Amino acid sequence: MGLLSKIFGKKNVEERKGEPDMVYISNADERMRWAIEKAGLTLWYFEESLSNPQQHQAYFSVKAHIRDGEYSEHIWLTEPRFDGEGNLFGTVGNEPVDVKTVKLNQKIGISSDDISDWMIIENGRLIGGYTIRAIRDGLPEKDKAAFDDSIGLYIDEGVDHFKVNLETPEGAILSIEKAYINKDIDAAMGCKDFYEEAKSLLSGMNMAVEIDQDIINETAEVLKLSFINNIEEHGFPDFSNIQNAFPERKKIDNTHWVITEVCWYPDGGKSVQLLNTFKSPKGWVVLGVVDSVE
């Protein structure tokens, strides 16, 4: 019995001669749900890269959700290409287990809505591959190296390519970092909500449930002035030439999420920080650092 069968149970693993074992994880699993959502939010990068591949990008593949009556299966497609209407065409890269409508090496076409993951190998490093990461993250630490060896990939936090806008918490973080790079204080302040930041700060100080609005407004003004003064005195934080990964979201409530950000620096170093984000009327904004890890 293979390593993955021992970890996930025989009925959840299809052992395939000459191919990596296939692991079945329910789409209801929180890690897998986030992996599929993340793949969709960053698919634009895969599409742009596929249309104009760079020398350091050695491999492209897409995972497709294939349905066959009451059965369905997520299968990797090789040699992917998009048509002008966003439909994807590729070659079935795994021997299907449950579905009978497709077979290994068959060329098929699917709607972009049926894409559940994508991956690129860049300089030997996995970019995307979020469902692969979800499986790996569920393994005991001692088994991760063997998992990496079994699929022949170097896996770290990767580099995530969320769009730089306020439509997602990650995009808001990238937006304020872009404002820092451009030394644009107005754009940086557009990624903030000092009133909500003041509410969060005061509520965390174990004050009364009903916080006086005047206190919130005064605190928000202090936070705003402090933000401006800090930049004027110390300059903008340097986020130039940094690569970002966002391995985890933690939901506080429907409008508050704590986002884990990994920053990769040009000298090879990295930092990890937790950022409090808020869904405001103008979109997601960054309230501040919750905690940091060296």
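Me: What counts as a salt bridge here?
Reply: A salt bridge is a side-chain nitrogen of Lys or Arg within 4 Å of a carboxyl oxygen of Asp or Glu. Keep in mind that this is a predicted model.

Me: Ok, how close are the N and O atoms of Lys-144 and Glu-141?
Reply: The closest N and O atoms of that salt bridge are 3.2 Å apart.

Me: And is Glu-141 buried or exposed?
Reply: Glu-141 is exposed, with a relative accessible area of 62%. Lys-144, on the other hand, is buried at 12%.

Me: How many salt bridges does the structure hold?
Reply: There are 13 salt bridges in the structure. One of them pairs Lys-38 with Asp-160, with 3.0 Å between the closest N and O atoms.

Me: Where do those two sit in the chain?
Reply: Lys-38 is in helix H2, while Asp-160 is in the loop between helix H5 (144–151) and helix H6 (169–181). The two are 122 residues apart, so the pair links distant parts of the chain. Lys-38 is buried, with a relative accessible area of 5%, and Asp-160 is buried with a value of 5%.

Me: What about Arg-249, which residue does its side chain meet in a salt bridge?
Reply: That is Glu-170, at 2.7 Å from N to O.

Me: Switching to helices. At what angle do H2 and H4 pack?
Reply: Helix H2 (residues 30–41) and helix H4 (residues 130–137) pack at about 160°, and their axes are 8 Å apart. Angles over 145 degrees count as roughly antiparallel, so H2 and H4 are roughly antiparallel to each other. Their crossing is right-handed.

Me: Which residues make the contact?
Reply: H2 contributes Arg-31, Met-32, Ala-35, Ile-36, Lys-38 and Ala-39, and H4 contributes Tyr-130, Thr-131, Ala-134, Ile-135 and Asp-137. By class, that contact has seven nonpolar, one polar and three charged residues.

Me: How many residues of H4 are buried?
Reply: Seven of its eight residues are buried, so H4 is mostly covered. Among them are Ile-132, Arg-133 and Arg-136.

Me: Last one: where is Ser-116?
Reply: Ser-116 is in strand S7 (residues 115–122). At 3% relative accessibility, Ser-116 counts as buried, because buried means under 20%.

Me: What is Ser-116 in contact with, leaving aside neighbours within four places in sequence?
Reply: Its contacts are Ile-36, Ala-39, Lys-63, Ala-64, His-65, His-74 and Thr-131.

Terms used:
Residues are numbered from 1 along each chain as its sequence is written. This is a predicted model: local features need pLDDT of at least 70, side-chain atom pairs count only at pLDDT 80 or more; totals for chains, interfaces and linings use all residues. Side-chain values use heavy atoms; hydrogens and water are left out. Helices (H or I, at least four residues) and strands (E, at least two) are DSSP runs, numbered from the N terminus. Buried means under 20% relative accessible area, exposed over 50%, partly exposed in between (1.4 Å probe, protein chains only). Contact means heavy atoms within 4.5 Å. Axes are lines fitted to C-alpha atoms, for helices over the stretch in contact, and angles run from 0 to 180 degrees between N-to-C directions. Angles under 35 degrees count as roughly parallel, over 145 as roughly antiparallel, 65 to 115 as roughly perpendicular and the rest as oblique. A crossing is left-handed if the near helix is turned anticlockwise from the far one by less than a right angle, and right-handed if clockwise. Ala, Val, Leu, Ile, Met, Phe, Trp, Tyr, Cys and Pro count as nonpolar, Asp, Glu, Lys and Arg as charged, and the others, Gly among them, as polar.
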